[in-house]
Amino acid sequence: MLFRSEVGDAFRAYMSKGIEGYCHLMSGDPELGRRLTEEALAYAEQIGTSFYVAVVQAYHARCLISLGDRVGAENVCRLAIESSLAEAQGKTCAYHALAHALHSQDSTSIEPVENALHHAITLAKEMRYRPELARTYLSYAHMLGRWGRSRESESYRNEAVRMFRDMGMDGSATTSGLGA
């Protein structure tokens with residue numbers, strides 16, 4: 001059993017490693033991001049928290065996608081989505097990451113990718129999680145463009161850009177949903 005001060009230290013380490021892992025992923029170092037998100041998840045298990053775990057699992061899955069482990073990423077996403085303890089924000093991020101994992105495994109299999117994105121969009125709308133909704137719209141626009149559905153793609157892209165601008169986010173934010 002951990003004492004209160006030890007739990008507090010472990011919780012801080014858990015949160016900081018999870019966020020730092022995502023930052024390394026987004027700045028181009030998915031291997032360091034993977035290691036940090038793994039450490040964060042180990043801390044979460046050690047202290048017995050479910051808070052934010054699905055989000056960190058989604059970050060971890062995105063690292064795995066960037067490193068070419070699409071099946072591992074899909075498994076992590078499904079674990080996050082199926083967790084009865086996962087909060088809506090985590091499930092939204094997990095569905096978004098799942099769509100990327102599925103698309104990167106088989107870019108011709110459109111239906112499961114769209115289903116995952118529609119789940120992410122629905123959850124983000126329900127909880128008014130606008131940054132993730134805009135990122136999901138942008139990812140969907142990118143995928144629709146690859147599938148030759150340019151009219152739909154333009155509509156989602158325009159909505160994403162409008163949302164980013166309404167939130168005061170600069171143009172660099174509009175590309176963050178496309179990569180990992």
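Q: Which helix is H60 found in?
A: H60 is in helix α3, residues 53-66. Helices here are DSSP runs of H or I with at least four residues, strands are runs of E with at least two, and both are numbered from the N terminus.

Q: What should I know about the model and the numbering?
A: The model is predicted: local features need pLDDT of at least 70, side-chain atom pairs count only at pLDDT 80 or more, and totals for chains, interfaces and linings use all residues. Residues are numbered from 1 along each chain as its sequence is written, and side-chain values use heavy atoms, with hydrogens and water left out.

Q: Back to H60, is it buried or exposed?
A: H60 counts as buried, because its relative accessibility is 7%. Buried means under 20% relative accessible area, exposed means over 50%, and partly exposed is in between (1.4 Å probe, protein chains only).

Q: What is H60 in contact with, beyond its sequence neighbours?
A: Leaving aside neighbours within four places in sequence, H60 is in contact with R34, T37, E38, L41 and V76. Contact means heavy atoms within 4.5 Å.

Q: And C63, where does that lie?
A: C63 lies in helix α3 too. C63 has a relative accessible area of 0%, so it is buried.

Q: Which residues is C63 in contact with?
A: With neighbours within four places again left out, the contacts of C63 are G21, L25, P30, G33 and R34. For P30, 33 residues from C63 along the chain, the C-alpha atoms of the two are separated by 4.9 Å.

Q: Changing topic: how many aromatic pairs are there in the whole structure?
A: A search of the whole structure finds 7. One of them is F11 with F51, a tilted pair at 6.1 Å centre to centre and 40 degrees between the planes. The pair links distant parts of the chain, 40 residues apart: F11 is in helix α1 (residues 4-26) and F51 in the loop between α2 (30-47) and α3.

Q: What are the cut-offs for a pair?
A: Rings of Phe, Tyr and Trp (its six-membered ring) pair if their centres lie within 6.5 Å; planes under 30 degrees apart count as stacked, over 60 as edge-to-face and the rest as tilted.

Q: What about Y22 and Y59?
A: Y22 and Y59 form a stacked pair, 4.2 Å centre to centre with 25 degrees between the planes. Y22 lies in helix α1 and Y59 in helix α3, so this pair ties together parts that are 37 residues apart in sequence. Y22 is partly exposed at 22% relative accessible area, whereas Y59 counts as buried at 12%.

Q: Which residues do the ring pairs link into a cluster?
A: The cluster consists of F11, Y14, Y22, F51, Y52 and Y59.

Q: On to α7. How many of its residues are buried?
A: 12 of the 17 residues of α7 are buried, so the helix is mostly covered. The buried ones include R135, Y137 and M143, and the buried residues pack against α5 (88-105), α6 (110-126) and α8 (150-166).

Q: What comes just after α7?
A: G148, which takes a positive phi of about 80 degrees.

Q: And the chain overall?
A: The protein chain has 8 helices and 0 strands. Buried residues make up 46% of its 180 residues.
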